[in-house]
Amino acid sequence: MLFSSMTFLMFFMPLCTGAYFLCKNRNWRNAVLLVFSLLFYAWGEPKSIALIVAAAFAAWLGGLCMVRFPRLKKPIFAATVGLLTANLVIFKYLNFMARTAESLTGLDFGLKEIALPIGISFYTFQILSYVIDLYRGEISLQKNPFTLLLYVSLFPQLIAGPIVRYKTVETELTVRSESLNGAAAGCRRFIVGLAKKVLIANRVALAAEIIYGSESGAYGTLMYWLASLAYTMQIYYDFSGYSDMAIGLGQIFGFHFPENFDYPYASASVTEFWRRWHISLSRWFRDYIYIPLGGSRTTRLKWARNILIVWGLTGLWHGADWNFIIWGLYFAALLMAEKLVYGGLLSRLPRAVGRVYAFFAVNLSWVIFNLTDLNRLWRALGMMFTYRRTDLAGAIMADTSIVNSLLWLIPALIFAFPVTRELKKRIRLPEAALNLGCLVLLLLSVAFIVSSSFNPFIYFRF
Amino acid sequence: MKNKTNALFLGLVWLIMAAGLCRTALFPKEICTEENRYANRLTRPTPTSYFDGSFQSGVEAALSDQAIGSGPARSGCNLVSSGINEALLSGLYEANPNRYIGLGGGLSSFGGYLVYDTRELKKMAPGLDRGAAEINAFVSANPEVPVYVYYIEKDTDINFETGEKPGLYGYLRDRLAVPPTHIAAFGIDSFEDYAGRFFRTDHHWDYRGSYQGYKEVLELLDGGMPLEPVGEITLDEPFSGSKAVESGGKGVRTEDFTAYRFEYPPMSVSVNGAPVGDYGAQEAWIRGEAAEGLSYGSFYGGDFGEVTFDTDSGGENLLVLGESHDNAIIKLLAANFGRTFSVDLRYYEVQTGKKFNLGEYVKANGIDKVLFIGSIGFYTSEDLILGD
């Protein structure tokens with residue numbers, strides 16, 4: 001179920017919030033949240049619901065055994081992590097591995113295509129955070145399997161993050177306080193996220209779709225750069241919009257999820273970009289992979305190895321295709337270059353120069369990220385870097401709906417930078433004005449949802 | 001104060017959401033007037049529909065149609081979007097009258113007409129094979145029943161820029177086991193052919209095209225002399241056809257709606273077995289007394305599973321199997337026959353509650369002639385199933 005669907009807004013939400021706030025008891029409220037979370041997942045993934053329940057149960061059982069049998073803690077931990085990782089590998093990477101092996105050996109393994117359960121990367125990483133932190137002694141055992149299942153399946157962040165670690169919500173799972181003002185703030189945050197997705201991401205997406213999807217050759221270099229810009233904006237508004245909605249929904253129910261975005265396109269280096277983009281994922285990799293590998297406090301060679309491993313895995317986490325691996329390694333190369341070659345110079349230059357460099361580098365990365373078909377990827381990159389004139393009239397005539405889409409790039413570009421944050425500092429609007437503005441945004445978003453059929457979330461496929 | 005404001009805000013948001021659910025579940029509307037179609041409604045889930053996702057899609061479609069204000073919201077959004085598009089690109093349209101200008105979703109503008117992209121034969125061939133096989137199966141099982149096929153070429157059957165035709169009609173004709181004298185087509189060989197006989201903003205033929213089609217069909221059926229028009233009228237209301245709606249340009253992309261006037265012989269009409277006063281509302285529109293918004297269907301008559309006309313003349317009985325193109329001519333055809341039955345296979349089972357079997361239908365109603373009439377969509381439709 002998509003947050004930006006009528007089913008979520010007009011079916012799921014009124015029933016879920018109605019039932020939740022009618023209950024006074026914490027256990028009943030948690031029960032309502034659990035039931036609705038499972039319904040939320042089962043709505044879109046009826047066949048995969050058992051998988052998420054089994055993964056949560058495996059983590060609960062593994063945790064229980066680690067605590068009950070301290071001597072066997074290490075093997076139980078290894079087995080639990082192995083099992084959860086194997087689950088992810090089978091459902092997400094087996095097809096890719098088989099395809100790769102088939103193309104290398106020329107053999108046909110006859111493997112049937114395995115459907116990717118939505119959100120498997122997100123919930124697997126969340127479950128792993130519970131198992132690892134429990135092993136490290138950073139959290140207490142969760143004795144109640146239903147509470148752990150609630151953490152894993154909690155619908156606001158279930159399928160596209162932020163990756164909420166168990167220790168972040170450990171207390172709030174059982175002790176939290178919902179408030180009228182907190183719910184209103186959460187509701188406003190949700191509506192802003194919805195508007196980012198529906199009013200901007202879906203609009204600019206069309207330009208990228210049209211240009212990358214065209215086989216007519218009507219589009220030249222200029223249009224390919226515009227397509228890359230459109231996708232850069234789409235993915236930001238799509239994913240940060242989803243995170244806003246998730247954080248807002250959490251707040252309505254009394255949870256406090258971590259921030260996931262901090263105006264990443266205003267970064268002055270790629271290193272800074274990754275501190276401001278999908279923050280919960282970067283921190284997960286830092287704490288559970290990079291630092292255990294030795295981090296940066298090691299020899300330069302081992303550090304480079306650690307960077308390559310982490311970014312290769314980051315690429316793979318985003319998708320089982322070669323373009324994602326290339327995308328991850330592209331960032332590894334840039335991060336190493338910034339650290340070893342020109343990072344110092346970059347920091348001495350005016351911040352605007354760094355911003356232009358970082359935006360260009362990131363914009364290019366999204367081209368690699370977007371085009372899973374390597375032939376189309378090379379073609380797009382070729383079009384961007386070898387000049388081919390665009391017959392503007394011909395390009396527009398090929399599909400005039402591109403004009404509307406490109407117009408939306410203007411507000412998209414403006415609001416991708418901290419304009420609203422600066423405005424908020426200078427103008428303090430009364431609560432009533434904020435609420436009114438959000439109501440208007442909600443109505444506009446609903447109007448756009450019912451009038452549009454183009455509404456996918458990019459990060460669902462991870 | 002802050003608490004009150006926030007309580008009011010949360011209450012309003014919840015009400016907006018809950019109102020959509022209540023309307024959909026308890027008071028669903030029948031018709032989506034803005035798009036001139038049946039509104040989606042909630043259906044009962046089954047294990048199959050749940051696991052294949054069609055139930056979930058149905059709920060989404062129902063909520064989108066039924067939510068309070070969804071129709072005007074949809075129209076408003078599309079109107080703004082296509083208004084901006086028209087305003088920005090009007091020069092482009094005028095400067096390129098002989099070029100396809102893509103509007104997205106397989107729809108283009110060409111010479112001031114909204115047109116669909118030309119269909120490719122290789123993509124249409126499997127559907128045409130299936131359609132031809134269905135018709136042939138009936139012909140072979142019922143050799144005593146004369147079967148006629150009339151194919152309507154339209155924008156999908158020709159590339160107006162190049163004049164090339166993919167040969168869809170020829171492909172179908174070659175596969176039909178129907179006497180060649182029982183097959184004919186409404187031919188489109190150039191943009192001029194098309195422009196003179198189809199609406200600018202709708203996917204149907206206009207009054208000239210449909211009247212030509214009526215005469216050709218009558219000749220094919222050897223049905224006697226055609227009714228002659230007694231006048232011509234252009235309605236006051238601007239007309240935005242199906243393609244205008246599809247492109248989001250309802251109210252922006254408009255044209256005149258002109259029609260011939262006829263003096264029909266007296267006939268009784270039934271829709272899905274229930275007697276009705278008339279099929280369509282031609283006279284009501286001409287008198288300025290029409291109750292519905294202007295559309296091809298509201299003028300000539302809508303798509304129904306089964307419509308029957310009885311002139312009580314004792315003439316032959318005709319069965320017309322087709323789609324909405326025939327809406328404009330079935331009443332005219334009915335004037336030349338005793339009883340005329342029009343069946344739309346897309347709606348027959350849903351609206352009448354009966355499975356359709358052509359052989360049984362022909363026997364039960366004493367049908368003398370069977371006419372298949374439609375464009376490429378009809379002959380490739382998966383609803384074109386004539387027996388068990």
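Modeller: Residues count from 1 along each chain as its sequence is written, while chains are lettered from A and ligands numbered from 1 in the order in which they are written. As the model is predicted, local features need pLDDT of at least 70 and side-chain atom pairs count only at pLDDT 80 or more, whereas totals for chains, interfaces and linings use all residues.

Colleague: Why are α3(A) and α5(A) called roughly parallel?

Modeller: Helices are DSSP runs of H or I with at least four residues, and strands are runs of E with at least two, numbered from the N terminus. Angles run from 0 to 180 degrees between N-to-C directions, with axes fitted to C-alpha atoms, for helices over the stretch in contact. Under 35 degrees counts as roughly parallel, over 145 as roughly antiparallel, 65 to 115 as roughly perpendicular and the rest as oblique. Helix α3 (residues 49-68) and helix α5 (residues 120-135) of chain A pack at about 5°, with axes 10 Å apart. The two helices are therefore roughly parallel.

Colleague: Which residues meet there?

Modeller: Contact means that C-beta atoms, placed from the backbone, lie within 7 Å. Ala59(A) and Gly63(A) are among those of α3(A), and they face a set in α5(A) including Ile127(A) and Tyr130(A). The contact has eleven nonpolar, three polar and no charged residues. Here Ala, Val, Leu, Ile, Met, Phe, Trp, Tyr, Cys and Pro are nonpolar, Asp, Glu, Lys and Arg charged, and the others, Gly among them, polar.

Colleague: How many residues of chain A touch chain B?

Modeller: 36 residues of chain A are in contact with 41 of chain B. On chain A's side, α20(A) gives the most, with ten residues. That side has 24 nonpolar, nine polar and three charged residues.

Colleague: What makes β7 and β11 of chain B edge strands?

Modeller: Strands pair if DSSP finds at least two bridges between them. The open sheet of eight strands runs β7-β6-β15-β13-β14-β12-β10-β11 in chain B, with mixed pairing. β7 (183-186) and β11 (274-276) each have a single partner strand, so one side of each lacks a neighbour in the sheet.

Colleague: How do you know that β12(B) and β14(B) pair?

Modeller: They share five bridges, in the antiparallel sense, against the two required. Val307(B) stands opposite Ser342(B) in β14(B).

Colleague: Where in chain A is the pLDDT below 50?

Modeller: pLDDT is the predictor's confidence in each residue, from 0 to 100. Chain A has a mean of 89, but residues 454-458 of chain A fall below 50. Where pLDDT is low, the predicted coordinates should not be read in detail.

Conventions:
Contact = placed C-beta atoms within 7 Å.
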